Amino acid sequence: MSDTTGKNIARLRMLSGMTQDDFARVAGVSRSAVAQWERGSAEPRMGAIQRLSDYFHIPKAWVIEDGGMDGVRMVAGVLVKSASDGLTEDEGMLLDLYRSMSEDGRTALLAAARGIATAYPGETAAPGVSRSA
């Protein structure tokens, strides 16, 4: 039996700061079931995986696929995957925050960022930001 799902579940639980009891309540199972999953001695049923996915607002693939939890971290109380390669840590954090927001939040963030970029221009203008003379 693969321990991929167990490792992903253990990482998900640790990132969320939950005890096995708390995690079991979310998944609708016993604490011993969570312990078995984490050890790789049992696999969760799809219903439990769906409940975890719904509760944490993550794709089921993050729970069951090899490497599913790689690069996942908690940002502003939301689980997010790390941003694309080639970005600095700060750029990745901003992208992760953006991805965790609602559409209205994204619109507000972009408007604020454009205002800040206009007030504090760098050496090159960012796309969509006009340079004041």
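Predicted model: local features only at pLDDT ≥ 70, side-chain atom pairs only at ≥ 80, totals over all residues.
Local features need pLDDT of at least 70, side-chain atom pairs count only at pLDDT 80 or more, and totals for chains, interfaces and linings use all residues. Residues are numbered from 1 along each chain as its sequence is written, and side-chain values use heavy atoms, without hydrogens and water.

Helices are DSSP runs (H or I, at least four residues), numbered from the N terminus. The axes of α2 (residues 20-27) and α4 come within 8 Å and cross at roughly 105°. Axes are lines fitted to C-alpha atoms over the stretch in contact, with angles from 0 to 180 degrees between N-to-C directions. The two helices, α2 and α4, are therefore roughly perpendicular (65 to 115 degrees). Phe-23, Val-26 and Ala-27 of α2 meet Ala-48, Arg-51, Leu-52, Tyr-55 and Phe-56 of α4 (contact: heavy atoms within 4.5 Å). By class, this contact has seven nonpolar residues, no polar ones and one charged residue. Ala, Val, Leu, Ile, Met, Phe, Trp, Tyr, Cys and Pro count as nonpolar, Asp, Glu, Lys and Arg as charged, and the others, Gly among them, as polar.

Phe-23, Tyr-55 and Phe-56 form one aromatic cluster. Rings of Phe, Tyr and Trp (its six-membered ring) pair if their centres lie within 6.5 Å. The ring centres of Tyr-55 and Phe-56 are 4.9 Å apart and the planes stand at 85°, so this pair is edge-to-face (over 60 degrees). Tyr-55 is partly exposed at 46% relative accessibility, whereas Phe-56 is buried at 10%. Buried means under 20% relative accessible area, exposed over 50%, and partly exposed in between (1.4 Å probe, protein chains only).

His-57 lies in the loop between α4 (46-56) and α5 (60-64). His-57 is exposed, at 70% relative accessibility.

Note on methods. Phe/Tyr/Trp six-rings, centres within 6.5 Å; stacked < 30°, edge-to-face > 60°. Parallel < 35°, antiparallel > 145°, perpendicular 65-115°, else oblique.
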